[in-house]
Amino acid sequence: MTRTLTAVALSIAATTASAHFGMIIPSDAMVEQQGNRVVSLDIAFAHPFEQYGMTLVRPSQFSVIYDGEATDLTDRLETSSYLGSDSFSLEYELTRPGVYLFAMAPEPYWEPAEDAFIIHYTKTYVAAFGDDEGWDAEAGFPTEIMPLTRPFGLWAGNVFQGIVMTDGEPVPYAEVEVEFINTDSAITAPSELMITQTILADANGVFTYAAPRAGWWGFAALSEADYTLTMNGEEKEVELGAVIWVHFESWQ
Amino acid sequence: MTVLRPFLRLWLSLLALTVAMPALGHGLNVFASVEGETLIVESKFSSGRVPQVGTVRIYDGYDVLVHETEVTGESAMRLPLPDWSTGLKVEVDIGDGHDGYWILTPADVRRQQAEPES
């Protein structure tokens, strides 16, 4: 009985203390020509700090944007598993120098605990062969974080700045949640408040965060959609997330 | 003594180059590709500007210089494709420590020659 209650408590903690994040995690944020020119992508939905996976159904769209041109890769996604839950993977060969923007528009995720749908528009940038042109490219999502700091080639401890945009306009005082992919649960948060950190953008929609540790950091700007979706005949609110994943490198 | 395959030798020499002089390629990005029997050499600064002066050097898989010409200022220089059977290293050197290179393996050349021209 005690064990059951503990398991329930842990389950609640896992779903309430941490945030949902759409995820696109490449094998490398900066691909060099001397190394493997094929980037492997994990495409998932999870609580990254607590290493808790959730089911991701096939996204409505997954694309790569290079030099202003978008290529639909949705049909190339392979089913996979991330943290024990259904996810997708993709092997993608980089052929020219420049920045490749990988972007996912997922199907709405029904979250009964919040009595709402969640749609996290998710993206990440991969720099190929030493060329950083295109690091501020847009994915064209309804809501999107535009990087003001080049979103790769950052040292741990550097700040990352972005501007939260919705329908092409900055979002004043947007709320941005931040989480680290806590691989192998190497970090123990001294408080639940430190699993997901929260910051507000300024009046111009600009937010700033200094990452304390090397690894992948996700930034999710959350907002309520101006529409609802139906669940069992009832209209339900929709949470929109503008998610960007940024890798910070070890200072060594 | 085992004779190193030419491409492996080129690779090892490049590895030594990158270890010994990691900053040499800073600021200049070089890319080379093949269309039929044409070698296309592209180079640009991180600002996006195209170098106006400098030297293009092409080495084979034995790291032997097989072609040298001056930068023309075009964003994509088109050159005759040298013998690529051992692989090619395409280097653009604009002086003052700015240079960069791109490696084309024999497999790269074969694959690109097989692609339809855009």
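This is a predicted model: local features need pLDDT of at least 70, side-chain atom pairs count only at pLDDT 80 or more; totals for chains, interfaces and linings use all residues.
Two strands count as paired here if DSSP finds at least two bridges between them.

Strand 5 (residues 61–66) of chain A runs antiparallel to strand 9 of chain A, and six bridges hold the pairing. Within it, Tyr66(A) sits opposite Tyr100(A) of strand 9. Strand 9 of chain A also pairs with strand 11 (residues 116–128) of chain A, again in the antiparallel sense, this time over seven bridges. Here Met104(A) faces Thr122(A) of strand 11.

How buried is strand 9 of chain A? Eight of the eight residues in this strand (98–105) are buried, so it is largely enclosed by the rest of the structure.

| Strand pair | Sense | Bridges |
|---|---|---|
| Strand 5 and strand 9 of chain A | antiparallel | six bridges |
| Strand 9 and strand 11 of chain A | antiparallel | seven bridges |
| Strand 3 and strand 4 of chain B | antiparallel | five bridges |

Nonpolar side chains tend to be buried together in soluble globular proteins. In this model, the largest nonpolar core has 68 residues, and the ones with the most contacts inside it are Met23(A), Ile43(A), Leu101(A), Val126(A), Val164(A) and Ala220(A). Strand 11 of chain A is the top contributor, giving eight residues to this core. Apart from it there is another core, of 17 residues, including Val30(B), Ile58(B), Tyr59(B) and Trp102(B).

**A phenylalanine in a loop**

Now for Phe152(A), which lies in the loop between strand 12 (143–147) and strand 13 (154–155) of chain A. Is Phe152(A) buried or exposed? Phe152(A) counts as buried because it has 21 C-beta neighbours inside 10 Å, and the cut-off for that label is 20 or more. Beyond its neighbours within four places in sequence, Phe152(A) is in contact with Ala29(A), Met30(A), Tyr125(A), Ala127(A) and His247(A). As for Asp136(A), it is 16 residues away from Phe152(A) in sequence, with 11 Å between their C-alpha atoms.

**Over to chain B**

Chain B has two helices and seven strands, and along the sequence they follow the pattern α-β-β-β-β-β-β-β-α. Of its 118 residues, 27% count as buried. Among the contacts in chain B with a separation of 6 or more, 57% come from residues 24 or more positions apart.

Four of the strands of chain B make an open, antiparallel sheet in the order 4-3-6-7. Its edges are strand 4 (65–70) and strand 7 (99–104) of chain B, each of which pairs on one side only. From one strand to the next, the twist averages 15°. Strand 3 (residues 55–60) of chain B is joined to strand 4 of chain B by five bridges, and Val56(B) has Thr69(B) of strand 4 as its bridge partner.

**Where the chains meet**

Which residues make the contact between the chains? Eight come from chain A and nine from chain B. On the side of chain A that touches chain B, the residues divide into four charged, three polar and one nonpolar.

How values were computed: Residues are numbered from 1 along each chain as its sequence is written. Chains are lettered from A and ligands numbered from 1 in the order in which they are written. Axes are lines fitted to C-alpha atoms, for helices over the stretch in contact, and angles run from 0 to 180 degrees between N-to-C directions. Two residues are in contact if their C-beta atoms, placed from the backbone, lie within 7 Å. Ala, Val, Leu, Ile, Met, Phe, Trp, Tyr, Cys and Pro count as nonpolar, Asp, Glu, Lys and Arg as charged, and the others, Gly among them, as polar. A residue is buried if 20 or more other C-beta atoms lie within 10 Å of its own, exposed if 12 or fewer, and partly exposed in between; C-beta atoms are placed from the backbone. A nonpolar core is a set of buried Ala, Val, Leu, Ile, Met, Phe, Trp, Tyr and Cys residues joined through C-beta atoms within 7 Å.
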